[in-house]
Structures are given as structure tokens and as C-alpha cells.
Amino acid sequence: AEHIGKVGVKMFLGIVAEVIDWNEDNTAFTLKMGENPITDFVEVPEKYKDIKYCNILCGVLAGALEMVQLNVECSVVKDMLMGDESNEIRVELRGVLAQTMADDYQE
């Protein structure tokens with residue numbers, strides 16, 4: 001999963017991510033990114049300071065992993081738009097989805 005995290009983020013966002021903070025069961029980790037291209041030209045107005053702008057990345061990660069039968073929960077842990085020193089997304093495996101195929105594809 002560490003290699004997939006590094007390569008996947010590089011492939012889709014064009015940046016290198018570090019995989020850190022594995023839990024004991026190896027079912028959760030944090031993706032640490034020094035930069036985030038979707039926020040390059042974004043400034044969050046004071047009245048929207050609580051918005052989680054980078055949450056879209058969580059949806060992208062969860063959706064991509066669902067395509068390979070992994071049910072995950074993602075959450076933004078640190079966000080440079082909010083003054084943090086890095087961008088971090090926590091990814092936790094909730095389960096493996098049952099593989100189902102349409103009747104047309106079953107033997």
C-alpha cells in the first residue's frame with residue numbers, strides 16, 4: 001500500500017506523497033504531501049475559514065479505492081490552507097467489498 005500511495009498520488013496529482021503513521025493492524029495510514037496542486041490559486045475568505053476545501057481529495061481517494069474493491073474512510077488531518085505546515089490525509093480501511101459481476105460476465 002505504501003508504494004501504491006506514493007505512485008498513485010504522483011500519477012494523479014503530479015506530486016510525491018509520503019506514507020506515514022501506519023496503525024498496528026496495517027489498515028490505516030496518513031498521506032503527507034508538501035504541496036497540493038488543487039490549492040495553488042486558492043485563498044479561503046475569513047467567513048469560510050471552517051470550509052474543508054481539500055475534502056475533495058478524500059472523495060477522489062475513496063472512489064478510486066472502491067474501484068479496486070476497498071472500502072475506506074478518508075479525512076483531512078492537516079491542511080496548508082488552514083495554516084498547517086503540510087497537507088495530510090488519513091486513510092482507514094473499513095473493509096473489502098464483495099466482488100460482484102453482472103450476469104453477462106459470469107461463466
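Glutamate 46 is exposed, because its relative accessibility is 61% and exposed stands for over 50% relative accessible area, buried for under 20%, and partly exposed for values in between (1.4 Å probe, protein chains only). Lysine 49 is partly exposed, at 45%. The side chains of glutamate 46 and lysine 49 form a salt bridge with an N to O distance of 4.0 Å; a salt bridge is defined as a side-chain nitrogen of Lys or Arg within 4 Å of a carboxyl oxygen of Asp or Glu. Side chains of opposite charge can pair when their charged atoms come close. By this rule the count is five salt bridges. The model is predicted, so that local features need pLDDT of at least 70 and side-chain atom pairs count only at pLDDT 80 or more, while totals for chains, interfaces and linings use all residues. Residues are numbered from 1 along each chain as its sequence is written, and side-chain values use heavy atoms, with hydrogens and water left out.

Another salt bridge joins the side chains of glutamate 73 and arginine 94, at 3.1 Å from N to O. This pair links distant parts of the chain, 21 residues apart: glutamate 73 belongs to strand S3 (residues 70-78) and arginine 94 to strand S4 (residues 87-96). Strands (E, at least two residues) and helices (H or I, at least four) are DSSP runs, numbered from the N terminus. Glutamate 73 is partly exposed at 42%, and arginine 94 is partly exposed at 48%. Arginine 94 also forms a salt bridge with glutamate 92, where the closest N and O atoms are 3.3 Å apart. Through shared partners, Glu73, Glu92 and Arg94 are joined into one network. Glutamate 92 has a relative accessibility of 28% and is partly exposed.

A nonpolar surface patch of about 370 Å² consists of Tyr48, Ile51, Tyr53 and Met82. Patches are made of residues with over 30% relative accessible area and no salt bridge; like charges are joined within 9 Å, and nonpolar side chains (Val, Leu, Ile, Met, Phe, Trp, Tyr) within 5 Å. Accessible areas come from the Shrake-Rupley method with a 1.4 Å probe, and for residues only the protein chains shown count as cover. Isoleucine 51 is partly exposed at 41% and sits in the loop between strand S2 (28-33) and helix H2 (55-66).

Aspartate 79 is in the loop between S3 and S4. Aspartate 79 is buried but has no salt bridge, and the nearest side chain of opposite charge, lysine 52, is 7.4 Å away. For charge, Lys and Arg count as positive and Asp and Glu as negative, while His and the chain ends are not counted. Leaving out residues up to four places away in sequence, aspartate 79 touches Cys54, Asp84, Ser86 and Asn87, where contact means heavy atoms within 4.5 Å.
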